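Student: I would like to go through the terms used for this model and see what each rests on. Can we take them one at a time?

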Amino acid sequence: MSDDAKGQKANGNGTSGNGANGNGTSGNGATRRRGRPPRTESGDTRDRILTTAREEFSERGYEKTSVRGIAKSAGVDPALVHHYFGTKEQVFEAAIEVAFAPAMDAPEALADGPLDGVGERLTRFIFGVWENPATRTPLLAILRSAVNNEAAATVFRRLIAAQLLRRIAAQLNVPDAELRVELAAAQLVGCAMLRYVIRVEPLASADPEQLVARLAPVVQGHLTGP
């Protein structure tokens, strides 16, 4: 056997003109991107996956969104999505935590004032979040997914119960605080569904100040009434 033939055999019969060789590069010299990204790129990659996931869930809903689809849109391997976030449910939870972040400031907004004005402050704060297009779009995606899929609804319940409603209830020195907060939230979420999702008129085009004026006393009654 010639020396050239022996060299080809040792290398697994060499490389083709456009195939991969032993050092992880293709025949045209381009390095293949496999496995985890370098540490310097990991933060950017994770953020890109999360941004893409929010867009996919927003456009397709929970049911039609897949980890493989998120990975394809983000330009990464599906294994990398699992590496950073885990299951599809965990990806959804990470995505909505970011999207729901503006609403998480509600407890701080309620603390800034007397208890007899808490209904108006909460109502005004929630409408402020919904009226802002930048925060409304991801919230719409969350609501649509939660309504249409039990797994998504479970994530949504866990998020708002632990991180929002219980924190608000902790600020109310009243009996049955958690139930009161849930009733107030039901009032506001129901209004948001009719106004922003189903778009029932005249509610959908009513002036926000008019709605705050009408809803705030009802929310106040839920939170601090008899």
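Student: Where is R199 placed, and what is its phi?

Tutor: R199 sits in the loop between α10 and α11, and its phi is near 60 degrees, a positive value in a residue other than glycine. Helices are DSSP runs (H or I, at least four residues), numbered from the N terminus. This is a predicted model, in which local features need pLDDT of at least 70, side-chain atom pairs count only at pLDDT 80 or more, and totals for chains, interfaces and linings use all residues. Residues are numbered from 1 along each chain as its sequence is written, and side-chain values use heavy atoms, with hydrogens and water left out.

Student: What makes the peptide bond from E201 to P202 cis?

Tutor: Its omega is near 10 degrees. P202 is in the loop between α10 and α11.

Student: Why is D176 called exposed?

Tutor: Exposed means over 50% relative accessible area, buried under 20%, and partly exposed in between (1.4 Å probe, protein chains only). D176 has 57% relative accessibility, so it counts as exposed. D176 lies in the loop between α9 and α10 and has a positive phi of about 55 degrees although it is not a glycine.

Student: Which class do T154 and E93 fall into?

Tutor: T154, in helix α9, is at 30% relative accessibility and therefore counts as partly exposed. E93, in helix α5, has a relative accessible area of 17%, so E93 is buried.

Student: What does E93 touch?

Tutor: Not counting residues up to four places away in sequence, E93 touches V155 and R158. Contact means heavy atoms within 4.5 Å.

Student: How do the axes of α5 and α9 cross, and at what angle?

Tutor: The axes of α5 (residues 88-99) and α9 come within 10 Å and cross at roughly 45 degrees. Therefore α5 is oblique to α9: angles under 35 degrees count as roughly parallel, over 145 as roughly antiparallel, 65 to 115 as roughly perpendicular and the rest as oblique. Residues in the contact include F92 and I96 of α5 and V155 and L159 of α9.

Student: How do you know that the buried residues of α10 are on the same side?

Tutor: The buried residues of α10 include V181, A184, L188 and Y196. Among the elements covering them are α7 (118-131) and α8 (133-148).

Conventions:
Helices (H or I, at least four residues) and strands (E, at least two) are DSSP runs, numbered from the N terminus. Axes are lines fitted to C-alpha atoms, for helices over the stretch in contact, and angles run from 0 to 180 degrees between N-to-C directions.
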